[in-house]
Each structure stands twice: as C-alpha cells, then as structure tokens.
Amino acid sequence: MKGQKHDFIPFSLYDRTGMAAHLEKRAAQGWLLDRVTAFGWYYRKMEPKKVHFAVTYYPKNSEYAPEPSEQQLTFRDFCAHSGWNLAAAFGPHQFYYNLKEDPVPIQTDPQIELAQIGKAMRRALPFSLFFMLLGLYMGCSWLWTLFHRPINLLSSAGSLFTGLCWLVLFVFFTADLATYFTWRRRAVQAARRGEFVPTRGCHRLMQTGVLLMLLGLAYWLLADRTPGLRLFLIPFVAVTALLYVVTNRTKELLKRQKAPAMLNITITWALSLILSFLIMGSITYSLIQGIRSGAFSLDSGSPPLILSDLAPIPAEDCEANSSVANSALVSRARFWIRTTSTMGDYSALSYTVVDVHLPWLYDICLNQLLHEKDDLDVFEEDGEPVSHYGYRMADPAPWGAEEAWQLYSPEGRALEDYILHWGNRLVVLESSMELTQEQMALTGEHLEPS
Amino acid sequence: MPRLKFQTLTEQMYYILLCLSRECCGIDIMDQVPAMTGGRVRVGSGTLYNLLEQFLQAEMIRETRAEGRRRSYILTPKGRRVLEGEYHRLCTQAEDYRRILEEEVSP
C-alpha cells in the first residue's frame with residue numbers, strides 16, 4: 001500500500017542496538033515505525049530525517065492485554081517528558097523515538113537495563129533451550145541416517161528438508177544463546193564501571209536459515225515425486241499459514257473488544273487447538289476417502305518386472321505394492337510382488353531400484369546396500385558377533401550387469417538375494433524362487449536402465 | 001565483589017534521593033537533577049522510573065500524592081539514612097584525598 005512499508009527481520013530478543021539502528025536507518029529513508037505485529041514491522045511515510053530510536057524492555061507486558069497497564073502509561077509519561085514518544089510495542093519490547101538532536105537516553109544506568117533484558121530473556125530461555133535441544137537431537141538423528149542410511153535420506157526431498165530445518169533450528173538457537181551469554185558476561189563487567197555494551201544479535205543467521213528452509217520447502221514441493229504427497233503437503237502448508245492468521249486475528253479482535261488477557265489467551269489457544277485438529281482430521285479424511293473412491297492413487301505405477309515375466313503365473317493372480325522416493329540426488333523405487341493367497345504355490349519377488357544421479361554418491365549408496373543385512377541373525381556370544389550374513393562378489397554375466405553380489409547366510413549358504421549394478425543404477429533383488437540363468441537374463445533385461 | 005543493593009549509591013541514585021528530600025513529583029526529577037548539577041548528571045526516563053520503583057519497594061521513599069498518573073514522593077527516614085550514609089562516605093573519600101595530597105605537598 002502506498003505510504004506504508006513492511007519488513008520482517010527476526011532480531012534476537014536482546015538485540016536492542018540492532019533494532020534501534022535498523023529503525024533509525026528506516027527513518028533516514030523516510031519511514032517511521034507505526035506498529036509491530038507477529039507478521040513484522042509496519043512503517044508510515046514521513047520526511048526523511050534523523051530520528052533517535054530506543055528499544056526498552058517491559059517484561060510484564062502481555063501481547064494479549066487489551067490495553068496498556070497503569071504502570072506502562074506512567075512509564076510512557078516519563079519517556080514523553082524527555083521527548084521519547086512510543087512508536088509501537090510488542091511483547092516485552094517498547095519502541096520509542098525522539099526527534100531531539102541530543103536526547104537523554106531512556107536508560108542511563110546499565111545495571112537497570114541489564115536487569116530488564118535479563119528478565120525478558122529468562123522468560124524466553126526455556127523456549128530457546130527446548131528448541132536447541134530438540135534441534136540437536138533431531139539434527140544428530142538426521143546426520144546419523146545420512147552417514148548410515150544415505151539412500152533413505154538422499155532419495156527423499158522431504159527428509160532433506162526436515163533435516164535442514166532441524167539443523168537450522170539447532171544452529172540458530174545455539175548461536176543466539178551463545179551470543180547472548182557472551183554479551184551478558186561483558187555487559188555485567190561493563191555495567192560495574194557504569195558503561196553500556198552494544199548488543200549484536202543473530203538475525204542475519206536466522207534470515208539465512210529461513211531462506212534455506214524456504215528453498216528446501218520449494219525444492220521438496222518441486223522435486224518430490226512421491227504419489228499423493230502434494231495432495232497432502234500443499235493443503236497442510238496453506239492451512240498452517242491460515243491457522244496462524246486466524247489465531248492472530250482472533251487475538252487482535254479480542255484485544256479490541258477489551259477482553260481480559262487471560263480470557264484472550266484461553267480463547268485464542270483453544271481455537272488454535274480445535275482448528276488444528278479439525279483441519280488435520282479433514283485433510284486426512286479427504287485423503288483416505290479419495291484413495292478409497294479411486295479419485296487419486298498412491299500407487300507409483302506398474303513394476304518394471306513382475307512374477308509373470310519370470311514364471312508361468314498369471315498376472316491377475318499376483319498382487320503388487322510399491323513405494324517411490326525421488327530427489328535430485330537419488331531415486332529409490334521399491335516393489336513387492338507376490339502371488340495371492342488363493343494360489344497354491346506361494347511365490348514372491350521384491351526389489352529396490354536405486355538410481356544415483358550424482359556419480360560421487362555411488363560408493364556410499366553401494367556401501368549401504370552391501371551392509372544393510374549385516375545385522376540379520378547375527379549370533380552373539382558375550383556381545384561379540386561370531387558370524388554374519390554378507391554379500392560376496394558374484395558373476396554379473398547371467399544378468400547382463402556390470403557387477404553383481406550375492407548374499408550368503410552365516411553358514412555359507414548362497415541365498416536368492418542379489419545386488420546388481422548397471423551404470424548409475426543399483427538393484428537389490430530378493431526372490432522366493434531359485435532363479436535360473438534364463439530368469440536372471442530376463443530380470444537383467446527388465447531392470448537395467450533403458 | 002558484588003556490592004549489596006543500595007549499600008553505596010550511584011550518582012543518579014544519590015541525586016534522585018537528594019531531590020526527594022523535599023516532596024517532589026517523580027517526573028519533575030528529570031529536570032531537577034540537571035539543574036542541580038549544572039547539567040553534569042542526567043537521569044534517563046526509564047532509569048528514573050525503575051529507580052523510583054526500587055526505592056518504593058525498599059521503603060526508602062513513600063508516595064505522598066497522586067494526581068492522575070502524576071505521583072509525588074518524599075524520602076522516608078530509612079531513605080534519609082541511606083542518603084546520609086552515602087554523603088558521609090563521599091565526605092570520607094574527599095577527606096582522604098585532601099589528607100593524602102596535603103601530606104605530599106607539605107612533608
């Protein structure tokens with residue numbers, strides 16, 4: 001809108017220097033802070049001029065309070081007396097501006113300012129610690145999977161995105177807390193000498209993190225080919241954003257209606273919970289109904305190889321399931337085909353086709369596949385493994401493959417479980433039938449990259 | 001070593017209490033302190049507001065009048081004792097300064 005400007009900079013809670021400097025820069029550009037909401041800072045047009053800003057902390061302030069308390073109004077009177085006018089208030093922050101050339105700062109005693117910031121931070125600290133520890137736990141799990149099960153992670157754009165989010169969360173909260181405590185240590189020492197220490201927050205780190213997460217989300221939406229994912233993900237993102245808007249509007253409406261802070265908190269949170277359950281329930285119900293009615297399918301398409309290709313089993317006597325995960329790094333398609341229970345002889349075939357799109361990832365993907373069955377039926381004595389299942393090199397010629405490995409049981413028995421390699425493709429194949437040379441050739445023809 | 005609260009006063013605390021030796025409206029202290037000190041000491045509005053709250057809690061001052069949000073205060077006997085204690089501390093410091101420097105000048 002003309003005459004209005006909006007920005008959203010995720011300043012650290014304690015970064016009063018960064019916030020004031022940003023607002024002074026905006027004022028010099030001709031934009032005066034008008035209001036602050038959960039969606040960012042809003043400015044109104046004015047003559048560009050040098051304006052002094054100060055950010056003060058009022059930890060008792062509630063976002064849900066319908067109007068400022070008597071104490072807050074008195075504080076504002078004190079500030080107005082020395083030329084400081086309130087531009088906006090949000091949470092514990094109060095943003096004041098002063099048009100005088102050399103105004104007396106609002107805080108002239110660093111000990112008092114330190115105590116105010118300390119109180120505000122103590123309220124935010126449990127939240128920061130919770131997200132830092134959650135980010136650490138989830139980020140470490142993600143890294144463990146990356147090193148031990150890279151195919152699972154690299155083939156899923158969704159897993160890459162969520163892993164990125166947890167790591168960003170961990171890095172940001174760790175950096176933010178470390179920066180705060182470093183500043184606080186220096187500020188405590190300086191305050192004894194009556195000096196102020198400028199703050200330096202981590203908003204640039206957060207901005208980079210948010211940008212990375214948005215890029216990750218866009219990549220997930222664009223790159224993931226998992227059937228049905230978009231049907232779930234797009235409504236989920238849209239509805240989450242809508243929920244955020246609705247709860248904020250409710251809070252503002254109740255404030256305008258002068259509802260007491262406790263009532264406002266109760267109604268806003270109850271509404272948020274009820275709407276979350278209703279919306280998620282509706283999306284899940286619609287998905288299930290859609291799948292049942294055949295409006296859409298989670299099936300990833302017909303398998304490249306079925307039992308009928310290898311044995312005289314009619315296709316209609318077989319059932320198949322599949323699961324596909326695609327990313328720009330690795331694609332993985334898993335197929336399970338078996339005869340139906342009405343058939344006398346049970347036959348089953350399962351295979352995983354892994355296409356590695358970046359050549360340097362090939363070795364780590366192969367390494368995962370070669371060691372995936374290490375844990376199967378390991379016989380242990382005093383905690384020491386005594387024998388393993390393991391893949392051994394096999395002759396690739398019958399498959400027409402470049403390389404082949406076959407699984408052996410701990411007793412040294414060869415099993416119908418193979419890893420095959422063509423170019424950038426790896427295939428893990430398990431069969432309930434003992435495959436003949438002819439069946440191996442047919443399998444190779446169907447599974448090699450076209 | 002951390003000092004006890006109000007065991008010694010900062011310059012701003014000292015002059016705020018000095019202003020309140022006579023009944024005075026809180027907000028007016030912001031003008032009185034620079035006038036009293038020739039502009040050498042200035043008290044910020046946030047600092048004044050917080051210190052008045054702390055002095056009230058410590059029962060060093062008491063509220064005498066309230067006209068809307070304009071509140072007046074005056075020192076309590078406890079506040080006066082703290083102020084006098086600070087005055088004597090400063091006098092002792094000044095005395096020490098004089099004694100030591102005079103000894104140096106006239107051996």
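**A serine and its surroundings**

Author: S155(A) sits in the loop between α4 (150-154) and α5 (157-192) of chain A. Helices here are DSSP runs of H or I with at least four residues, strands are E runs of at least two, and both are numbered from the N terminus.

This is a predicted model: local features need pLDDT of at least 70, side-chain atom pairs count only at pLDDT 80 or more, and totals for chains, interfaces and linings use all residues. Residues are numbered from 1 along each chain as its sequence is written, chains are lettered from A and ligands numbered from 1 in the order in which they are written, and side-chain values use heavy atoms, with hydrogens and water left out.

Back to the serine. S155(A) is buried, at a relative accessible area of 0%. The cut-offs are simple: buried is under 20%, exposed is over 50%, and partly exposed lies in between (1.4 Å probe, protein chains only). The side chain of S155(A) reaches the backbone oxygen of I151(A) at 2.7 Å. A polar contact is a pair of N or O atoms within 3.5 Å; within protein, one must be able to donate a hydrogen and the other to accept it, and residues adjacent in sequence count only if both atoms are side-chain atoms.

Chain B has a side-chain to backbone contact too. E86(B) lies in helix α4 (residues 77-105) of chain B. E86(B) is buried, at 3%. A polar atom of its side chain lies 3.0 Å from the backbone nitrogen of L9(B).

Now the salt bridges. R338(A) is in strand β8 (residues 330-339) and E319(A) in strand β7 (residues 318-326) of chain A, so the bridge ties together parts that are 19 residues apart in sequence. R338(A) is partly exposed at 23%. E319(A) is partly exposed at 38%.

E430(A) and K373(A) also pair, at 3.2 Å, N to O. This bridge links distant parts of the chain: E430(A) is in strand β15 (residues 425-431), K373(A) in the loop between α10 (362-371) and β10 (379-381) of chain A, 57 residues apart. E430(A) is partly exposed at 35%, whereas K373(A) is buried at 13%. Salt bridges with shared partners join K373(A), D417(A) and E430(A) into one network.

In chain B, R65(B) and E67(B) meet in a salt bridge at 2.8 Å, N to O. R65(B) is partly exposed at 41%.

Chain B also has a pairing in space. C24(B) lies in strand β1 (residues 24-25) of chain B and is buried at 5%. C24(B) and E63(B) are 39 residues apart in sequence and 9.7 Å apart in space, C-alpha to C-alpha.

Last, the surface. K60(A), K119(A), R122(A) and K5(B) gather in a patch of positive charge. Patches take residues with over 30% relative accessible area and no salt bridge; like charges are joined within 9 Å, and nonpolar side chains (Val, Leu, Ile, Met, Phe, Trp, Tyr) within 5 Å. K5(B) is in the segment before α1 (11-19) of chain B. K5(B) is exposed, at 58%.

Conventions: Areas by Shrake-Rupley, 256 points an atom, 1.4 Å probe, with all protein chains shown as cover. Salt bridge = Lys/Arg side-chain N within 4 Å of Asp/Glu carboxyl O. Lys, Arg positive; Asp, Glu negative; His and termini not counted. Charge placed at Lys NZ, Arg CZ, Asp CG, Glu CD.
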